[in-house]
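Some comments on the model follow, as numbered points.

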Amino acid sequence: MKQTEVLLQPNPNARIEEFVYEKLDRKAPSRVNNPELLGQYMIDAGTEFGPGTAYGNALIKCGETQKRIGTADRELIQTSALNFLTPLRNFIEGDYKTIAKERKLLQNKRLDLDAAKTRLKKAKAAETRNSSEQELRITQSEFDRQAEITRLLLEGISSTHAHHLRCLNDFVEAQMTYYAQCYQYMLDLQKQLGSFPSNYLCNNNQTAVTPAPSVLPNAIGSSSMAPTSGLVITSPSNLNDLKECSGSRKARVLYDYDAANSTELSLLADEVITVFSVVGMDSDWLMGERGNQKGKVPITYLELLN
């Protein structure tokens, strides 16, 4: 139980505070968790950079996702505390203590009964023997009564096990929900960030800073970077008007990809498409073709075949 509490709330001071408020039958004040705090700082930083910039917008989106993860984390803690920790704590502090107490009493009654039997065996005089027999009957009666109480308590253990098994299932389901939510949040964020160009948009005139055509990579996975002196300023143009470069090749799609807008091409894992580089396009993207369909595709989702 303690290690589960540590897992859900690693901060020992926070656990002590919650424990004190629980004993006082008062609600603990709402506390911002780490993902929520990180998310807020990211949003603040993104706002400073400017939501109109690619980096600022990406920071804001990352921050919003972190805050959603923080909310899911809070829900996991609340659900686990209600459906798993509370029933377990109530049993340990309630029924379990009662059972342990009654078993201890039964042990003491058994020792008293053994002592009475020993005294009866050693009694020789009739008077002493009568007194020992009476003592034995009393101790036997007390032992039998305590044994019955303990037996009734222990008979409920099987139903207690069944109850706590259900509580354990609830805890596992809460964790499954939490991790599924986090995975979906991060998957959505990855797709959103994948739609961002790596070149930044200027807030004033919305012109794009792109590498000069002479230094654009001609192969998938190229890590060469254009020097500062090789940058040129070009106005954004329609995707269909971009001049195609030579060297179209086949590529296999590694993962599913949903197009973020009409300029992109949706992909299905394991399909083979034709790709080629385009003058002025961001180096993290290529043009992809599937039949009559054409659009931008992210390089990280592709494996070059030839």
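1. In this predicted model, Arg-74 and Glu-36 form a salt bridge, with the closest N and O atoms 2.4 Å apart. Arg-74 belongs to helix 4 (residues 54–122) and Glu-36 to helix 3 (residues 34–49), so the pair ties together parts that are 38 residues apart in sequence. Glu-36 counts as buried at 13% relative accessibility, whereas Arg-74, at 25%, counts as partly exposed.

2. A salt bridge also joins the side chains of Lys-109 and Glu-142, at 3.4 Å from N to O. Lys-109 sits in helix 4 and Glu-142 in helix 5 (residues 126–155), so this pair ties together parts 33 residues apart in sequence. Glu-142 is partly exposed, with a relative accessible area of 26%, and Lys-109 is partly exposed at 23%.

3. Arg-129 and Glu-133 form a salt bridge whose closest N and O atoms are 3.7 Å apart. Both residues lie in helix 5, four residues apart, about one turn of the helix. Arg-129 is partly exposed at 36%, as is Glu-133 at 29%.

4. Glu-148, Arg-151 and Glu-155 are linked in a network of salt bridges. The structure holds 13 salt bridges.

5. On the overall fold: the protein chain has six helices and seven strands, and from the N terminus on the order is α-α-α-α-α-α-β-β-β-β-β-β-β. Of the contacts with a separation of 6 or more, 61% are between residues 24 or more positions apart.

6. On burial and surface: 30% of the 306 residues in the protein chain are buried. The accessible surface comes to about 19700 Å², and carbon and sulfur atoms account for 54% of it.

How values were computed: Residues are numbered from 1 along each chain as its sequence is written. This is a predicted model: local features need pLDDT of at least 70, side-chain atom pairs count only at pLDDT 80 or more; totals for chains, interfaces and linings use all residues. Side-chain values use heavy atoms; hydrogens and water are left out. Helices (H or I, at least four residues) and strands (E, at least two) are DSSP runs, numbered from the N terminus. Buried means under 20% relative accessible area, exposed over 50%, partly exposed in between (1.4 Å probe, protein chains only). Contact means heavy atoms within 4.5 Å. Accessible areas come from the Shrake-Rupley method with a 1.4 Å probe; for residues, only the protein chains shown count as cover. A salt bridge is a side-chain nitrogen of Lys or Arg within 4 Å of a carboxyl oxygen of Asp or Glu.
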